[in-house]
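Subject: Structure handover

Hello,

Here is the structure you are taking over.

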Amino acid sequence: MSPEPKISTTDARVSPTQRYIDEIVASANGLLADDASVGDLKIASAALRELRAAFRVFAPYRHIRKVSTFGSARTQAGDPTFRLAEAFAREIADAGFMVITGAGGGIMEACQRGAGRERSFGVNIQLPFEQQPNPHIKDDPKLIAFKYFFTRKLFFLKEAHAVVLFPGGFGTHDEGFETLTLLQTGKSPLIPLVLLDRPGGTYWKTWQRYVEDHLLRRGMIARDDLALYKVTNNVAEAVNEITGFYRVYHSSRFVRDMLVLRLMYRLPDAFVETLADDFRDIITTPTLTQRRAFAVERGERELRHLPRLAFHFDRTHYGRLRQMIDRINLAPEPVEY
């Protein structure tokens, strides 16, 4: 096997865009050097083509927060859960979010109907059954058809600022546990995950008992991990869980070995001191620092004006980090004189 071509990542004259394009080209040439099979090349080619198409569709809407929704494709229009999903999608869209669904029938159609064509995306999968686009997103430019589940699943979470699960089958549980795994391990930025059932329903309450009786009790997860999701039977509570998450907290990233929380406004100094004390178990340095954007962040024009809270995070206890963000969202608003 021939060595893969080397790409310089340190030349300051090379833009980040050109650097990554060069890496993609080098990887493609590497496949040729590796004598990859035609089958492997077909997978790589189709996946890159699907990624490019989806990037292009989502790009104009990057400034709008989005909620990915999942649930059974077999739920009928007269079912109370169908009406619940439709009501939730309408309310979250009215709150300024767009909705991402799998574009099929059942819960997907309910959410598409509730949000409306102009406020929703369809992330479809090519299947021989169950998965024709519903009429509320069919032929819309925001409808994307994927061949592979793995590329489709990437965009459900990559573009989402929240995830909502309604009662569903294997696919719904797959998406739910994948989201939890990514949140728990820090492979995805923390976002709200809501498990929503109809009033009086027991679907997610039964799931919750399973998690507590068999995962938590046996020590397979930590109690703090329960903070990574919310079970509710109330649409307004589900909407508030999502909108409240972004009341003060905006987003986060790592800058070298520091976690940087971007905030909507600067926190009172006394509040920060209390925060540092209450969450010292996940802060590996003595202090939380309020500051402006790091130099490496200044290229993000739409974000560089936001105040930051920076600290060394242990990169392990993401359930506790979620609790910390919840506490930040209770911070008093700045007083204007």
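The crossing of helix 9 and helix 10 is right-handed. Please keep in mind that this is a predicted model.

Helix packing

Two packed helices are described by the angle between their axes and the distance between the axes.

For helix 9 (residues 269–278) and helix 10, the axes come within 11 Å and cross at roughly 160 degrees.

Helix 2 (residues 38–58) and helix 5 have axes that come within 10 Å of each other and cross at roughly 25 degrees. Helix 2 and helix 5 are therefore roughly parallel, and their crossing is right-handed. Helix 2 contributes Ala-47, Glu-50, Leu-51, Ala-54, Phe-55 and Phe-58 to the contact, while helix 5 contributes Phe-150, Thr-151, Leu-154, Phe-155 and Lys-158. The class count for helix 2 with helix 5 is 8 nonpolar, 1 polar and 2 charged residues.

The crossing of helix 3 and helix 4 is right-handed. From helix 3, the residues in contact are Thr-81, Phe-82, Ala-85, Glu-86, Ala-89, Arg-90 and Ala-93; from helix 4 they are Ile-107, Glu-109, Ala-110, Cys-111, Arg-113, Gly-114 and Ala-115. By class, the contact between helix 3 and helix 4 has 8 nonpolar, 2 polar and 4 charged residues.

Charged pairs

Side chains of opposite charge can pair when their charged atoms come close. The structure holds 23 salt bridges. One of them joins the side chains of Asp-174 and Lys-153, at 2.6 Å from N to O. Asp-174 belongs to helix 6 (residues 170–185) and Lys-153 to helix 5 (residues 149–158), so this pair ties together parts that are 21 residues apart in sequence.

His-312

Where does His-312 lie? His-312 is in the loop between strand 11 (308–311) and helix 10 (318–328). Leaving out residues up to four places away in sequence, His-312 touches Asp-257, Met-258, Ile-282, Ile-283, Thr-284 and Thr-285. With Thr-285 there is also a polar contact, side chain to side chain, at 3.2 Å.

Regards

Notes. Residues are numbered from 1 along each chain as its sequence is written. This is a predicted model: local features need pLDDT of at least 70, side-chain atom pairs count only at pLDDT 80 or more; totals for chains, interfaces and linings use all residues. Side-chain values use heavy atoms; hydrogens and water are left out. Helices (H or I, at least four residues) and strands (E, at least two) are DSSP runs, numbered from the N terminus. A polar contact is a pair of N or O atoms within 3.5 Å; within protein, one must be able to donate a hydrogen and the other to accept it, and residues adjacent in sequence count only if both atoms are side-chain atoms. Contact means heavy atoms within 4.5 Å. Axes are lines fitted to C-alpha atoms, for helices over the stretch in contact, and angles run from 0 to 180 degrees between N-to-C directions. A crossing is left-handed if the near helix is turned anticlockwise from the far one by less than a right angle, and right-handed if clockwise. A salt bridge is a side-chain nitrogen of Lys or Arg within 4 Å of a carboxyl oxygen of Asp or Glu. Ala, Val, Leu, Ile, Met, Phe, Trp, Tyr, Cys and Pro count as nonpolar, Asp, Glu, Lys and Arg as charged, and the others, Gly among them, as polar. Angles under 35 degrees count as roughly parallel, over 145 as roughly antiparallel, 65 to 115 as roughly perpendicular and the rest as oblique.
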